[in-house]
Structures are given as structure tokens and as C-alpha cells.
Amino acid sequence: MSDVKDIINVLSKPSKEDVAFITKAYTFAKNAHKDHFRKSGELYFKHLFATAKGLAEIGMGPTTIAAGFLHDTIEDVHVTPEDIRKKFGDEVLFLVEGVTKLGSLKYRGTKRHTEALRKLFVATSQDVRVVIIKLLDRRHNMQTLEYVSPQKRKRIALETLEIYAPIADRLGIGRLKRELEDLAFPYVYPQEYEETRKLLEEATRHALKHLPKLLKQLQKALVKDQLVRFRTEHRVKGLYSLYKKLERKGSDISKIHDILAVRIIVTSEDDCYRALGSVHRLWKPIPGKIKDYIAFPKPNGYRSLHTTVFAGQSGTVEIQIRTEDMHRRAQYGIASHFSYKAVLSGGRRESAFEWIRQLLPSLRPQQQRLSAKGAPKHKRSESALADVPKWIKEMAEAQEELEESEHFLKAAKADFFSHRVFVFTPHGDVIDLPIDASPIDFAYNVHSDIGNHISGAKVNGKLVSLDTKLTNGDIVEIVTKESAMPSPKWLEMAKTTLAKRHIRSVLQQER
Ligand code: MN
């Protein structure tokens, strides 16, 4: 149990140095947390091991795995940053500090700010690897959520559903998105969870009963068409994803055709099309449900052929045909059900692009980030890139091509992110404001009554003047007084039209 070999074995061809590095982090974390226990009574180290192992499983390199082991050392057992730097280098320290920083971002269930918090989350992390560590950290916390107090449970589960799962989704880590959703679902919507679970159980029982026969028919048809090198597998739809789809389809489960999906995994692109031919000769496809994502990959790089067929007693079944490589990406990388839906449904296209774009700075101009700090180390930036999974690099490259396109230019102009600052209320809600916004803008954004009675403002606990420019991550607190009211000077300090409108209206009433 919790043996470092279980992690080493997951890696493909690790070097001696890799093994030594990971083992060093393993041993260090085990020692540092030796008197530290989880709420469940288990050794805290178990949590670190689960996080690190998850990172290995989705294909992260030794640096990120080591950071996974060390991610709670600074905050929980007071290891000093200097100590980590000395033993594991700048890069591991950078990742550990990134994860520690992200820990202070909390979602308290204000729907209005959900998207802003997701963006802030990615912006704060600076490096996509930090986000990925945090996702695996969260997965293990969700797996052990029952030991946490009921109140906290709900908050954490909701945060997982609203912030973490969508981020996993937009990163294309379909498997993780699904796990996070299904772990959080029962805590956030217990009743809906129960109902959906029953529905799915029944539908699955029916589909699985006929599955062996269906697979046999399918395999026979493929072999008859001289397709010999293939394998099949199936997946049952995730509970939360079914729940969301039921909501869209008026709760009619008979309208959902992908409760069971059968996958045919072949060895070449050519074979994908040949297999599709075989399938359509065997079973009649539902018109309009044939999708060629090989010729037209989704913007996030997902490739596969999809078709839904009438398969006799099994009813309608979705068949997904892909190569091994496409399959790997669909799980760990680019594709997932929700994200391509989001991308395809017109209006949300831009936001999907924006997200990938936001990941870019952490990949492309790594040198920039380093040189900004003073001492660029080329070796470090190269190894940083080597540690990034191939699919993320490819996503970044695909994005660079997209930048040429007109559509992308439009999206870039409307780039929300680079022209906004994200600040917090003392309760941890995120308020997003235009760049150069002042505490006055903040106050009116929270509520006009607060704006109309500002007597002072605190930023990060210190009193500041009302024309202070807010910056990312500031915690802003407004001091109000019943007798306080807007002055004409405020009009110059305010950046948002919302604030200006309110100020003018009060000033006019005064006259
Ligand atoms: Mn943790």
C-alpha cells in the first residue's frame, strides 16, 4: 500500500533520475507529514500519494508528480519554501506555491460570479500544471468528503461542481471531469441524484443485458470485412451528465441515445471509416446522428467517428470509432462530451477559445515569465515544456493556428480577461471589474446602497484612498456611513458606467 513503485510502474520508460526524484519527494512528504492525520483518521500521506498517483496516471512528468507529493507541505506542516527549493529546485517550488495560493480561492455559491472565479482560478495558477495538481487534489478530497462536517461538505461539493469540474472539462480531461461531477452530485442535489441513479440503473440494466450479443454481432461483422486488429469497449453515461441532459430533454429518458456507448478502437484512420461502413451495413443509423470528427475535429482536437444505430433488441446505441491515439486523447486530453457541446453551440464558442488562450502563456512564452523574474534559466524552461503532456502542447499549437483566423481576432478583441481585474469581497465572492477600477466601482458593483454611502475603503486590510486602482486578487472592504454620500469628485474616480450613473443621479437629486 502506498508504495512508490505503484507510481513508478504507471510511468512509461522513466529514467533513473526520474525514479530517484520521485522517490525523494515520496520520502520527503512521508516524513514531513508523519504525525499528520486526515479527518478520516488515516495518515495524511495517503492524500498526497493519491494526488501524485493521479498525476502519474494522466501522464504528467516527474516534476509535477513530485509537486503533487509536496503540495501541502508549506501550508500544513510548515516546510519552508527555501527547503523545497534546495531539495527539489525552483520549478517544484513554483508549482507547490501555485497550489498553495489557489487554496485561498473559495466559491461560496454566488452564481453570478461562477465564470469569473473559474477564470481567476486559471489566472492565479499561472501554469496549467498547477491547475492539474489542484484537480487531482480535489478528486481525493471528494473521495473522502464524508468525513468532513455537513456544512463544509456542501460548500466543497458545490465548488467542485461549479468550478473544478468545468475546468477539467475545458482542459479536455474528460475522465476527471466525470469523476468530479459524479462525486459531487449526491452532496449538492441529493434528491435529483437518487432519481437519476434509479433511472440510469434501469436503463443500464436493459442495455447491458443485450450487450454481449450486440458485441458479438459487431465483432463478427468487422471480421467479415477483414478488420482484424481492433478492440471494443463500452461506457455507461455519467450520472451528472445524464441529469443535465435530462434537464435539456424535458426529463424524457427515451430521447437520450447515448446512455450506452460502444467504442471500436482500431489501428489506423482508414480502419475507422471501414469500421463505420461495417456498422452501417449491420444496423441502420439514425439520420442526422452521424458525425465525422476525424475530417472535422472539434476545436479542442477531439477526433472520432460517431454514429447512433438501431441495434435490434438493444434499442438505440451510440457507436464511437477511433484509433488508440484518438482514444487516449479523448480520456486525458482534448475531448469530453460537455466541452464539445459547449464549443458547438454557437454562442459559447468564444469562451471555449478564450480558455485555451489563457493556458497559452504558461506554455509558450515561458522564457518571458522567467526573464521577468530576472534570471532566465533555459534548462528549466525546456524541462518545463517537456513535462507538459503532448496533448496540451498540441492544443496550444492548434490555438496558434486559430489565432490567424478572423474569428479568433474577434474573440481576442473582446478578450474579457486581459481587460479585467478580479477582486474579492471580504466573504470571498469574486467581483470582476474593468482595469483601473477603484473602490467606488467595487462598491456600486456590490450594491448601489453601499456605493451611495461609502465613507472609506480597505484593500487587503489597509485603509486606502477612494481613487486607488484595484489589482487582481485584492480583498476589498467598503466602510459605509449613513450620512456619507457621493461627491462630484467621485465621477472622475469611477471607471464603470454603472457607478457613474448612480453618482450622477444622486448628485442631481441633491440639486
Ligand atoms: Mn491537498
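**Entry 1: the metal site.** I began with the manganese ion, which is coordinated by His47 (NE2), His71 (NE2), Asp72 (OD) and Asp137 (OD), at 2.1 to 2.3 Å. I kept in mind that this is a predicted model. Along the chain, I found the donors of the manganese ion spaced as H-x23-H-D-x64-D. One pair among them links distant parts of the chain: His47 belongs to helix α3 (residues 45-57), while Asp72 lies in the loop between α4 (62-70) and α5 (73-76), 25 residues apart. Are His47 and Asp72 buried or exposed? I looked them up, and both are buried.

**Entry 2: α3 and α8.** Next I followed α3 to helix α8 (residues 128-143); their axes come within 9 Å and cross at roughly 130 degrees. I noted the crossing of α3 past α8 as right-handed. Which residues make the contact? From α3 I listed Lys46, His47, Ala50, Thr51, Gly54, Leu55 and Glu57, and from α8 Ile132, Ile133, Leu136, Asp137, Arg139, His140 and Asn141. I sorted the residues of this contact into 5 nonpolar, 5 polar and 4 charged.

**Entry 3: α10 and α12.** Last, I turned to helix α10 (residues 174-188) and helix α12 (residues 239-248), whose axes come within 7 Å and cross at roughly 75 degrees. That makes α10 roughly perpendicular to α12. Here I saw Glu181, Asp182 and Phe185 of α10 meeting Leu239, Tyr240, Ser241 and Tyr243 of α12. My tally for the contact of α10 with α12 reads 4 nonpolar, 1 polar and 2 charged.

Definitions and conventions:
Residues numbered from 1 in each chain as written. Predicted model: local features only at pLDDT ≥ 70, side-chain atom pairs only at ≥ 80, totals over all residues. Heavy atoms only, no water. Donors = N, O, S within 2.8 Å, 3.2 Å for Na, K, Ca; no water. Helix = DSSP H or I, 4+ residues; strand = E, 2+ residues; numbered from the N terminus. Buried < 20%, exposed > 50% of the residue type's maximum accessible area, 1.4 Å probe, protein only. Axes fitted to C-alpha atoms, helices over the stretch in contact; angles between N-to-C directions. Left-handed = near helix turned anticlockwise from the far one by under 90°. Contact = heavy atoms within 4.5 Å. Nonpolar A, V, L, I, M, F, W, Y, C, P; charged D, E, K, R; others polar. Parallel < 35°, antiparallel > 145°, perpendicular 65-115°, else oblique.
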